[in-house]
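Trainee: I have a new model open and some questions about it. Can we go through them one by one?

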Amino acid sequence: MEFSSRARQRHTRLAGDRRDPYPHSLQFYQEPPTESISLAEFESFAVDRLRLLKVVENLGVSHVRSSDLYKTKLEAEFRRLKFPYRALAEDDYDARRKDHISHFILRLAYCQSEELRRWFLQQEMDLFRYRFNELTEGLRQKFLEHVNLQFEAISEDLKNELANELSASTPGFTMTKVKEQMFYKVGLSDAVDLFRARRVFIKDGFAFVPLKDIDAIVLNNYRQKLSKALALTARSLPSIQSDERLQPLLNHLSHSYVGPDYSAQKNTGKISLEHIDALSVKSFPLCMRQLHRALRDNHHLRHGGRMQYGLFLKGIGLTLEQALEFWKKEFIRGKVDADKFDKGYAYSIRHSYGKEGKRTDYTPYSCMKIIMSNPPSQGDYHGCPFRHSEPELLKQKLQSYKIPPSGIAQILDLVKGMHYQLACQKYFELTHDLDDIGFSLNHPNQYFAESQKLLTGGRELKKEPSHLGNSQQKSNSQESMTSTSTPSSSNTTADAELEGLEAYFTED
């Protein structure tokens, strides 16, 4: 697969051979693409598939996968992002091509660590399961033949003849259900797990497997192939890492976020320094609440914490002047005198606002960036508490915030399953007394904005006076918290660009 920064003309294809590379809308992705594509197309395909996988992850946790609501929402996302969700008409070549190429791009990006591989494998499995189950009987049979899985659907006459045996040998199947369900004739080697569990009817060396179990066999086959392919791709990383253009791009994708960057906030100047303590309790995500409490307790944060928290405060509306006042007042309460602050720390604050150095207007960190990069060490308070805290310390912290035991158990289950953003989403629901927040949480500043929208009824914040000299920092809410802890896109924002990638593609 070649990647070129110059836009290349697509090969002219005759109408009759447009479908030849992709005879089916579903595939096992065994053959990598070989055509040349532009970097713009590379970016577009990768970002769209990542958005799709994020939706798959969020829906898989918040809905039953076989439910109508799950299917409806996922189908809407397929349509919006122009991926093949069913066997469409013959003119769906572009959708099939996009599906093929985008899978291999993300395979490159997500083979770089065990954690990334595990996440990618799980989302691709869920994606495949949905698409396979949406195929019609005829198309499902054609697909099985295409991937050399010789599972033949038995005729109605044979099923009626074996109805009693199928009902007796298949757990949970009444005679009525046998008549409603489709059965496949499968070789014993492919159905060995069902045979060992005595969950399948055997005759003449074949297993007669119902549709609900055939998808598990196909999925297991796909999992084995994809898992092996990811391991082989990981071995090729040294050659990929030598490409100075490709490797940074793939790193961006693996740590990516789809949504607004919160660099330009309509609330700029509308946040009062006097209200930050109260806001930290009501509307800050756990990562920023932790940083704020650590700053108040220790009157200092290390560089990682200052960057993560400082850019978050910038995103919620603090002006440069407010930020300088906020950090200076807190630091001089510790071991930093005013002169040292002005000569050192003030520069980095102005730099983050684009007033020093390269004049880059830095954007607040997304959830994925916080989770995947720069893990905290001892004495640090940055990072994601759901990702970087020990479960017992996280439990204690949640208890101190009056989260009910049932809610803590739900959060810890999500953390155990490595669904860190969904754990934060559950924290939002519990602290705002909601059953379902109705959006995917992907950014700390999104958390703040949605919280304020709920708490203020959608009212805009009142503009603060420009003079800041008399602002006083008041500890309106002192939290009892242990300060020694060891430290997916919503439909409304899904059209925003991937954070940092656009700038990457426009570099000289």
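Trainee: Leaving aside its neighbours within four places in sequence, which residues is His103 in contact with?

Mentor: First, the ground rules: this is a predicted model, where local features need pLDDT of at least 70, side-chain atom pairs count only at pLDDT 80 or more, and totals for chains, interfaces and linings use all residues. Residues are numbered from 1 along each chain as its sequence is written, and side-chain values use heavy atoms, with hydrogens and water left out. Contact means heavy atoms within 4.5 Å. Beyond its neighbours within four places in sequence, His103 touches Tyr29, Arg49, Phe120, Glu124, Tyr222 and Leu226.

Trainee: Is His103 buried or exposed?

Mentor: His103 sits in helix H3, residues 93–109. Helices (H or I, at least four residues) and strands (E, at least two) are DSSP runs, numbered from the N terminus. Buried means under 20% relative accessible area, exposed over 50%, partly exposed in between, using a 1.4 Å probe and protein chains only. The relative accessible area of His103 is 0%, so His103 is buried.

Trainee: Which residues does UniProt list for "binding site", and what is the largest C-alpha distance?

Mentor: The unreviewed UniProt entry lists Cys287, Cys367, Cys384 and Cys424. They are spread over 138 residues of sequence yet cluster in space. UniProt positions are in the numbering used here, feature names are shortened, and annotations may be inferred rather than shown by experiment. The largest C-alpha distance is 9.7 Å.

Trainee: Why does Cys384 count as buried?

Mentor: Cys384 lies in the loop between helix H18 (367–372) and helix H19 (385–388). Leaving aside neighbours within four places in sequence, Cys384 contacts Ile370, Ile371, Ser389 and Tyr420. Cys384 counts as buried because its relative accessibility is 9%.

Trainee: What is the relative accessible area of Cys424?

Mentor: Cys424 belongs to helix H22, residues 420–431. Cys424 is buried, and its relative accessible area is 11%.

Trainee: In E6, which residue is the bridge partner of Tyr184?

Mentor: Two strands pair if DSSP finds at least two bridges between them. Strand E4 (residues 183–187) pairs with strand E3 (residues 152–153) in the antiparallel sense over two bridges, and there Tyr184 is the partner of Ala153. E4 also pairs with strand E6 (residues 206–210), antiparallel, over five bridges. The E6 partner of Tyr184 is Val209.
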